[in-house]
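I kept this notebook while looking through a structure, one topic at a time. Please have the picture open and follow along with me.

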Amino acid sequence: PVIVGAHDTGPLIRSRDGFWLAIPTAAAGKGLKGGRITPGEWERRRGMRLRFVYRRRGPSLLVADGRLNSRGLGVASRSKTGRGRATVPIFLLVPQVKLAKRLDLARDAERVQAAVPGLIVATWVSERV
């Protein structure tokens, strides 16, 4: 009911502590059991620190100074010369997100409610004949 209600109303989502929502990019990979990964979990698993990059326009970023591996995940660069090193965006940081309204339950309920008498009469008449 909570999820259906959220898709019906289109709420505004904010972080719990009022700072940023961290949205993982494809370079972040998956979290435990295939779920979404958090910045803290990413740092623990990769052994790298994330760096905050503020951008005036568009979302701010949490980036890692490493490289992308063959699967497109951000990892540490083992090269001593710096070959292949890049600044890889791992998370997009946004203050809030507006969930799109995907359902209109009131409209659908009115349609079904208007169709019920006709369905009852159609079934009742077909049984009598």
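**Entry 1: ground rules**

I noted at the start that this is a predicted model, where local features need pLDDT of at least 70, side-chain atom pairs count only at pLDDT 80 or more, and totals for chains, interfaces and linings use all residues. I also wrote down that residues are numbered from 1 along each chain as its sequence is written, and that side-chain values use heavy atoms, with hydrogens and water left out.

**Entry 2: confidence**

I looked up pLDDT, the predictor's confidence in each residue, from 0 to 100. The protein chain averages 82, and 95% of the residues score at least 70. I then went through the elements; helices (H or I, at least four residues) and strands (E, at least two) are DSSP runs, numbered from the N terminus. Strand β3 (residues 51-53) has the highest mean pLDDT of the elements, 93, while strand β5 (residues 74-75) has the lowest, 74.

**Entry 3: the nonpolar core**

I reminded myself that nonpolar side chains tend to be buried together in soluble globular proteins. A nonpolar core here is a set of buried Ala, Val, Leu, Ile, Met, Phe, Trp, Tyr and Cys residues joined through side-chain atoms within 4.5 Å. Buried means under 20% relative accessible area, exposed over 50%, and partly exposed in between (1.4 Å probe, protein chains only). The largest core has twelve residues: A27, A28, I37, W42, M48, L50, L62, A64, V88, I90, F91 and L93. At least two residues of this core come from each of β4 and β6 (86-94). Strand β6 gives the most, with four residues.

Leaving out residues up to four places away in sequence, as I do for every contact list here, M48 touches W42, E43, A64, D65, G66, V75 and A76.

**Entry 4: the largest pocket**

Next I went looking for empty space, which can be found by rolling a probe the size of a water molecule over the atoms. On a 1 Å grid over the protein atoms alone, a cavity is a set of points where a 1.4 Å probe fits but cannot get out, and a pocket is an open set with protein on both sides within 12 Å along at least five of seven lines; lining residues have an atom within 4 Å of a point. Grid points are joined across faces, edges and corners, and a volume is the space filled by probe spheres set on the points.

The largest pocket holds about 480 Å³ of space. It is lined by 16 residues, with L21, A22, I23, P24 and R36 the closest to its centre. Strand β2 (residues 21-24) gives the most to this lining, four residues. I sorted the lining into twelve nonpolar, two polar and two charged residues; Ala, Val, Leu, Ile, Met, Phe, Trp, Tyr, Cys and Pro count as nonpolar, Asp, Glu, Lys and Arg as charged, and the others, Gly among them, as polar.

I stopped at I23 in strand β2. I23 is partly exposed, at 34% relative accessible area, and touches I90, F91, L92, V94 and V97.

Is E41 buried or exposed? E41 counts as buried because its relative accessible area is 11%. I found E41 in helix α2 (residues 39-46), in contact with G31, L32 and R36.

S60 sits in strand β4 (residues 60-68) and is buried at 2% relative accessibility. Its contacts are W20, F52, V53, Y54, R55, F91, L92 and L93.

**Entry 5: around strand β5**

V75 belongs to strand β5 and is buried, at 17%. I listed R46, M48, G66, R67 and N69 as its contacts. From I23 to V75, C-alpha to C-alpha, I noted 18 Å.

R78 lies in the loop between β5 and β6 and is exposed, with a relative accessible area of 70%.

**Entry 6: strand β7**

My last stop was Q96 in strand β7 (residues 96-98). Q96 is partly exposed, at 38%, and touches L12, I13, R14 and L21. The C-alpha atoms of Q96 and R45 are separated by 27 Å.

Technical notes: Contact = heavy atoms within 4.5 Å.
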